[in-house]
Amino acid sequence: SDAGTYTCTATYANSVSLTKFVTIQTIVAITWVDAPDEQFTTAGKNYRVKCKVTANPAPLIDWLKNGEPIPEGSNYITETEGLLIKNAQEADDGVYTCRAIVIETGELKEKHIHVEVQTLPVFEDKAENNRVEVIEGETASIECRAQAKPIPTYYWVKGSTQQKYMPVNERLGTLVLNRVSFEDNGDWRCIASNAAGIAEKTFNLVVITKPQVLDIKNISVPVTREARLECRATGNPLPTIEFKKLALNQKHILTVDQFTDKTLRQSVAYLTIPNLKRTDDGLYACIATNKGGQSWKNGHITVEFEPTFVNTPMKEAWSWSRLPVNLTCMAESIPNATITWQRNNRDIEQDPSYKKFGQGPISVLQVTPVDSRFYGKYKCSARNQHGVAYHEINLQEARKPSDVMQAKVEIATATTITFSILGPNDPGGRPIKAYSVQYKFDYQNWNEAWNKTWSVDAPYILENLQPQMAYTFRFAAVNDVGSGNWGGITSYLMPQRSYPEEPKIIKMNIIYPENYILSPYENKYELRW
């Protein structure tokens with residue numbers, strides 16, 4: 001401020017005025033007024049690199065970039081207070097040198113300014129489908145990467161609640177959600193920010209909920225009608241449903257009608273079986289499947305049908321000597337049938353002469369035939385709401401078998417004899433269980449005879465007989481009732497002792513290479529001599 005022109009005046013001899021002008025010029029050194037060492041701008045914008053300088057005399061300003069002169073006609077314009085960069089890009093990053101020179105004094109100064117062109121975050125993955133699937137209960141890890149300068153920081157916002165979540169590392173941007181639940185389903189926004197600004201990207205987190213089959217109701221339908229078994233299931237995404245009958249000989253999947261209940265957000269399927277058959281009765285598995293896995297529950301179709309006695313084996317029964325006998329009827333039906341009994345079309349349910357055990361599906365009538373009136377045909381009736389079925393059992397009186405028709409000597413040695421027996425004409429209603437024989441010397445009475453009994457399938461052989469002795473034999477058949485009368489009387493003179501004959505094979509089967517002969521019996525081999 002002291003600079004300027006100063007006037008010096010004087011008076012000589014009191015009459016002569018003298019004047020002298022003196023100009024004082026102040027020299028001000030180069031001074032940086034506004035030239036920060038670090039300057040930042042955003043890509044795509046115009047930016048003035050600040051370099052405001054004062055000096056006296058006024059300085060001349062020029063610019064260098066990274067030590068090189070800035071060419072004319074580029075996107076750089078030198079201005080009074082700085083260097084204008086038009087449409088700044090990352091290529092404009094660098095060290096700019098602002099040079100100030102005062103010609104009059106020869107003073108030169110330089111200011112090195114680091115200019116960084118910052119860029120907005122740009123996400124690496126440009127794909128529009130930002131769908132992320134994870135199974136409920138597992139850990140979700142969502143990658144979010146953005147290119148920017150400087151390196152951005154990240155945070156996440158849940159779309160439905162606007163709640164802010166920080167990633168495990170805010171410099172990496174990965175969102176980790178442990179034990180994901182269905183509440184985590186929906187949009188999540190990844191927000192990347194730096195000094196240049198912010199950018200965001202939306203991810204759709206789909207929580208795959210494993211399917212769950214809801215209760216499946218058992219149904220009971222009459223035969224020949226239509227059965228419709230309903231199954232409902234939940235899950236995300238909604239599962240597909242299929243039915244399979246749980247039977248060893250049936251493994252194929254059954255066709256179903258399927259639709260979505262949007263109100264309850266459930267998958268619904270119907271298994272429809274027209275013209276129901278008894279073979280359709282059983283367990284059916286409802287299987288729900290989605291990306292999370294499978295779930296199933298079993299439902300039962302009960303096929304109702306009228307009674308039948310097809311598996312009741314008893315068609316006749318036997319008794320004797322007033323022995324009680326049980327007549328059994330077994331009715332198959334759904335629902336279970338009630339069984340009643342009749343004798344000669346007469347209801348005997350309340351008759352004290354009979355005892356009844358069980359109303360169905362199995363019923364036993366105990367009959368004690370004290371006289372012949374109790375023998376004959378009994379009828380059991382099975383009834384349910386779908387129909388009635390009848391079954392007859394013939395109660396007969398068993399007897400002792402009649403006389404043996406014939407006994408013939410087949411083989412005789414000095415001490416043994418083998419018979420063939422032709423059984424009685426009348427077995428007495430019961431199977432022949434055994435044959436008895438009495439034998440004695442011709443001169444003896446029958447009360448001195450010996451006895452032997454064979455089972456019906458055994459060889460009829462007597463042993464330890466005496467050579468050259470005459471024997472008399474008589475035979476009786478035996479059943480459950482008892483032994484019949486003696487019959488088939490035969491006399492035979494035993495031969496004398498002799499040398500054994502050469503053995504002869506009775507039956508010859510295949511002769512194996514080792515010269516073994518295979519017996520047709522499990523525990524013996526027959527030779528004859």
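So, C144 and C190: a disulfide joins the two, with the sulfurs 1.9 Å apart. Bear in mind that we're looking at a predicted model here. The torsion about that S-S bond is about -95°, so this disulfide is left-handed. As for where the ends sit, C144 is in the loop between β14 and β15, while C190 is in strand β19, residues 186-194. That's 46 residues apart, so we have a link between distant parts of the chain. Both C144 and C190 are buried.

Okay, moving along the chain. C231 and C286 form another disulfide, S to S 1.8 Å. About the S-S bond the torsion is about -75°, so again we call it left-handed. Here C231 belongs to strand β22, residues 227-236, and C286 to strand β27, residues 282-290, so the bond ties together parts 55 residues apart in sequence. Buried or exposed, then, for C231? Buried, with a relative accessible area of 0%. C286 is at 0% as well, and counts as buried.

Next up, C329 and C380, also joined by a disulfide, with 1.9 Å from S to S. This link is left-handed too, with -75° about the S-S bond. C329 is in strand β30, residues 325-330, and C380 in strand β36, residues 376-384, which puts them 51 residues apart. C329 has 0% relative accessibility and is buried, and C380 is buried at 0% too.

How many disulfides does a search of the whole structure find? It finds 4. Counting bonded cysteines along the chain, the pattern goes 1-2, 3-4, 5-6, 7-8.

Now let's jump to some strand pairing, around β11. Strand β11, residues 94-102, pairs antiparallel with strand β7, residues 60-65, over 6 bridges. β11 is also joined to strand β12, residues 107-123, by 9 bridges, and that pairing is antiparallel as well.

Last stop, residues 400-497. UniProt, in an unreviewed entry, places a "domain: Fibronectin type-III" feature there. In the model, that stretch is 0% helix and 47% strand, and its end C-alpha atoms are 40 Å apart.

Key:
Residues numbered from 1 in each chain as written. Predicted model: local features only at pLDDT ≥ 70, side-chain atom pairs only at ≥ 80, totals over all residues. Heavy atoms only, no water. UniProt positions renumbered as here; feature names shortened; annotations may be inferred. Helix = DSSP H or I, 4+ residues; strand = E, 2+ residues; numbered from the N terminus. Pairing = 2+ DSSP bridges. Disulfide = S-S within 2.5 Å. Buried < 20%, exposed > 50% of the residue type's maximum accessible area, 1.4 Å probe, protein only.
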